[in-house]
Amino acid sequence: MSTPEYLQKLFGFDGKVAVVIGGAGELGGAICRGLVQAGAHVVVADVAEEPCQKRVAELEQFGKASWTLIDVTQRASVENALDFAAKITGRVHCMVNAAGVNYGSNFLDYPEEKWDFVMNINLKGIFIATQVFGKHMALQGGGSILNFGSVNSILPLSRVFGYAASKAGVLNLSRNAAQDLASQNVRVNVICPGFFPAEQNRKLLDDSRVAHIMDHTPMKRYGEPDELIGASLLMLSENAGKFITGAYISVDGGFTSCWF
């Protein structure tokens, strides 16, 4: 077997349908690019039409892509996105949930409404999507779910209390779901990005915070979105990742390895 054939067998997604919730964003968009170039038909699911259309136009340079609107806090909306994607081949093989929001404040001034806003999208949204897509995959004989955690899933960071708590919850919830769904051949894993400046967190990165991050990142730089692709394809692949469930991979330049 040639090298390309071997890699295609391990990491190929030909004939697969992959839904990427939050796929219009920077990090979700990188996962979309990886999946479509690996052969998947990627469905970009996000909250606004124009960013979805732009993402799909980009992806169609490499393969098959579609889009649908979604509100991760509303079960009916998530079910509609599943129905849309399942019509392509009759089933959804992979789901990635990269949707997320953030808010920064000191603890005593952190507004309760912002806490609810962050928790609803970052944690409730993961719960609903994992449940809806997990049930579909169980009925179809299997599948793979990859939820976005964060270095905050492992370590608490100051000023982002709602975000940190929600991402810790994502890791716990995903590992619990993995236990429950393993007998039905549905795998659930978590990717934990380090610091990848994107729209939701750039405003929180003042000079002192940047200095603190770099002091605790052995590679002394931010991540690039496409650097999330390799770990994601591993965990989503039904061959390369077939015995990986309830796991998380930190893609953080070493940040979580040297926190002190």
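Me: Is the crossing of H4 and H5 left-handed or right-handed?
Reply: This is a predicted model. The axes of helix H4 (residues 75–89) and H5 come within 10 Å. The handedness of the H4 and H5 crossing is right-handed.

Me: Are H4 and H5 oblique or roughly parallel to each other?
Reply: Their axes cross at roughly 40 degrees. Angles under 35 degrees count as roughly parallel. H4 and H5 are therefore oblique.

Me: How many nonpolar residues are in the contact of H4 with H5?
Reply: From H4, the contact takes Arg 75, Val 78, Glu 79, Leu 82 and Ala 86. From H5 come Phe 127, Ile 128, Ala 129, Gln 131, Val 132, Phe 133 and His 136. By class there are 2 charged and 2 polar residues, and the nonpolar ones number 8.

Me: What is the angle at which H5 and H6 pack?
Reply: Two packed helices are described by the angle between their axes and the distance between the axes. For helix H5 (residues 112–140) and helix H6 (residues 161–181), the axes are 9 Å apart. The angle is about 15 degrees.

Me: How many charged residues are in the contact of H5 with H6?
Reply: H5 passes H6 in a right-handed crossing. The contact includes Trp 115, Met 119 and Phe 127 of H5, and Phe 161, Lys 167 and Leu 181 of H6. Its residues comprise 13 nonpolar and 6 polar, and the number of charged residues is 1.

Me: Which residues of H3 does H2 meet?
Reply: The axes of helix H2 (residues 26–37) and helix H3 (residues 49–59) come within 10 Å and cross at roughly 30 degrees. H2 and H3 are therefore roughly parallel. On the H2 side the contact has Glu 26, Gly 29, Cys 32, Arg 33 and Val 36; on the H3 side it has Arg 55, Glu 58 and Leu 59.

Me: How many charged residues are in the contact of H2 with H3?
Reply: H2 passes H3 in a right-handed crossing. The classes in this contact are 3 nonpolar, 1 polar and, for charged residues, 4.

Me: Is Ser 174 buried or exposed?
Reply: Ser 174 is found in helix H6. Its relative accessibility is 1%, and the cut-off for buried is under 20%. Ser 174 therefore counts as buried.

Me: With which side chain does the side chain of Ser 174 make a polar contact?
Reply: The side chain of Ser 174 reaches the backbone oxygen of Val 170 at 2.7 Å. Leaving aside neighbours within four places in sequence, Ser 174 is in contact with Asn 147, Val 188 and Val 190. The side-chain to side-chain polar contact, at 3.0 Å, is with Asn 147.

Me: Which backbone oxygen does the side chain of Ser 232 reach?
Reply: Ser 232 lies in helix H8 (residues 229–236). Ser 232 is buried, with a relative accessible area of 0%. Beyond its neighbours within four places in sequence, Ser 232 is in contact with Ile 31, Leu 146 and Ile 191. The backbone oxygen, reached at 2.8 Å, is that of Leu 228.

Me: What is the phi of Asn 185?
Reply: Most residues other than glycine have a negative phi. Asn 185 sits in the loop between H6 and strand S6 (186–193) and is partly exposed, with a relative accessible area of 49%. Asn 185 is not a glycine, yet its phi is positive, at about 65 degrees.

Me: Where is Lys 220 found?
Reply: Lys 220 is a residue other than glycine with a positive phi, near 60 degrees. Its place is the loop between helix H7 (207–215) and H8.

Me: What separates the C-alpha atoms of Gly 100 and Leu 35?
Reply: Gly 100 is in the loop between strand S4 (94–97) and H5. At 25% relative accessibility, Gly 100 counts as partly exposed. Gly 100 and Leu 35 are 65 residues apart along the chain, and their C-alpha atoms are separated by 20 Å.

Note on methods: Residues numbered from 1 in each chain as written. Predicted model: local features only at pLDDT ≥ 70, side-chain atom pairs only at ≥ 80, totals over all residues. Heavy atoms only, no water. Axes fitted to C-alpha atoms, helices over the stretch in contact; angles between N-to-C directions. Helix = DSSP H or I, 4+ residues; strand = E, 2+ residues; numbered from the N terminus. Parallel < 35°, antiparallel > 145°, perpendicular 65-115°, else oblique. Left-handed = near helix turned anticlockwise from the far one by under 90°. Contact = heavy atoms within 4.5 Å. Nonpolar A, V, L, I, M, F, W, Y, C, P; charged D, E, K, R; others polar. Buried < 20%, exposed > 50% of the residue type's maximum accessible area, 1.4 Å probe, protein only. Polar contact = N/O pair within 3.5 Å; in protein donor to acceptor, adjacent residues only side chain to side chain.
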